[in-house]
Amino acid sequence: VASRDENTIISFAGAGGLAFGAGADKKTGVGAAVNVNVIDPREGTTATIEDSDLSADGVAIVDAEVANIVTPITVALATALGGASPKSLAAAVSVGVVVVDGTTRASTRRRKNSGVSGKGGVRIEADDNSVSTTVSGGVALAGAVGGLAGSGRAVGASVNVSYLDQDVVADVTDTPVTSLDGNVTVVADSSPRLISVAAGAAGTY
């Protein structure tokens with residue numbers, strides 16, 4: 001008895017802002033990008049034997065596994081260029097968000113007659129092997145040309161938020177579990193991997 005949930009999400013969000021001119025007005029360029037990814041299965045991922053029996057000549061297996069792969073990429077760019085006298089401002093902000101929630105459960109609950117048995121063993125296992133790789137960057141460039149009176153200000157910022165709240169459960173409730181020639185194993189394994197890269201850069205000229 002097996003249940004597997006595998007989601008692969010690769011998303012890209014980008015924004016750019018550009019402002020330039022030679023007049024007396026202040027020049028402002030703004031770029032902002034937000035990338036939000038949410039995985040939240042309401043029923044979770046479940047492999048369950050309930051009010052029933054399972055008998056196997058080999059290994060009796062009840063297995064639930066989650067293997068989500070989430071890769072959001074967020075980029076924001078901004079450039080502002082003014083003349084000799086005005087000030088210029090460039091701001092670039094990027095935000096990447098990953099939310100993974102849910103329950104992974106492998107279980108036996110009650111029996112009909114004999115319960116769960118395997119001649120070669122019994123394995124009840126729940127695994128979470130999710131991988132989240134979040135990359136975000138913000139680059140801003142501001143400047144003034146044509147004289148010494150102009151000035152430029154630039155701000156580049158990026159933020160990554162990763163939130164994993166996965167319950168991983170393997171349990172036996174009111175069920176006889178027997179093996180003639182093998183081990184009885186009940187395992188819950190949560191091994192998510194979070195990789196986050198955030199970079200912000202700003203320059204003036």
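A cavity here is a set of grid points where a 1.4 Å probe fits but cannot get out. With that in hand, here are the views of this predicted model.

View 1. The secondary structure comes to 15 strands and zero helices. The radius of gyration is 28 Å, well over the 17 Å that the globule rule gives for 205 residues, so the chain is more spread out than a compact globule. Its C-alpha trace spans about 90 × 25 × 20 Å along the principal axes. Buried residues make up 37% of the chain.

View 2. The largest cavity holds about 40 Å³ of space. Among its lining residues are Asp5, Ile39, Pro41, Thr45, Val66, Asn68 and Gln166. Strand β8 (residues 87-109) gives the most to this lining, with five residues. By class, the lining has four nonpolar, six polar and two charged residues.

**View 3. The largest nonpolar core has 13 residues.** Those with the most contacts inside this core are Ala60, Val62, Ala106, Val116, Val122, Ile124 and Ala126. At least two residues of the core come from each of β4 (45-50), β6 (59-66), β10 (121-128) and β12 (151-173). A second, separate core of eight residues includes Ala33, Ala80, Ala92 and Ala142.

**View 4. A closer look at Ala106.** Leaving aside residues up to four places away in sequence, Ala106 touches Ala47, Val62, Ala64, Ile124, Glu125, Ala126, Val169, Ala170 and Asp171. Across the chain, residues 24 or more positions apart account for 84% of the contacts with a separation of 6 or more.

Terms used
Residues numbered from 1 in each chain as written. Predicted model: local features only at pLDDT ≥ 70, side-chain atom pairs only at ≥ 80, totals over all residues. Heavy atoms only, no water. 1 Å grid on protein atoms, 1.4 Å probe; cavity = no way out; pocket = protein on both sides within 12 Å on 5 of 7 lines; lining within 4 Å. Points joined across faces, edges and corners; volume = space filled by probe spheres on them. Helix = DSSP H or I, 4+ residues; strand = E, 2+ residues; numbered from the N terminus. Nonpolar A, V, L, I, M, F, W, Y, C, P; charged D, E, K, R; others polar. Core = buried A, V, L, I, M, F, W, Y, C linked by side-chain atoms within 4.5 Å. Buried < 20%, exposed > 50% of the residue type's maximum accessible area, 1.4 Å probe, protein only. Contact = heavy atoms within 4.5 Å. Rg over C-alpha atoms; globule rule 2.2 N^0.38 Å.
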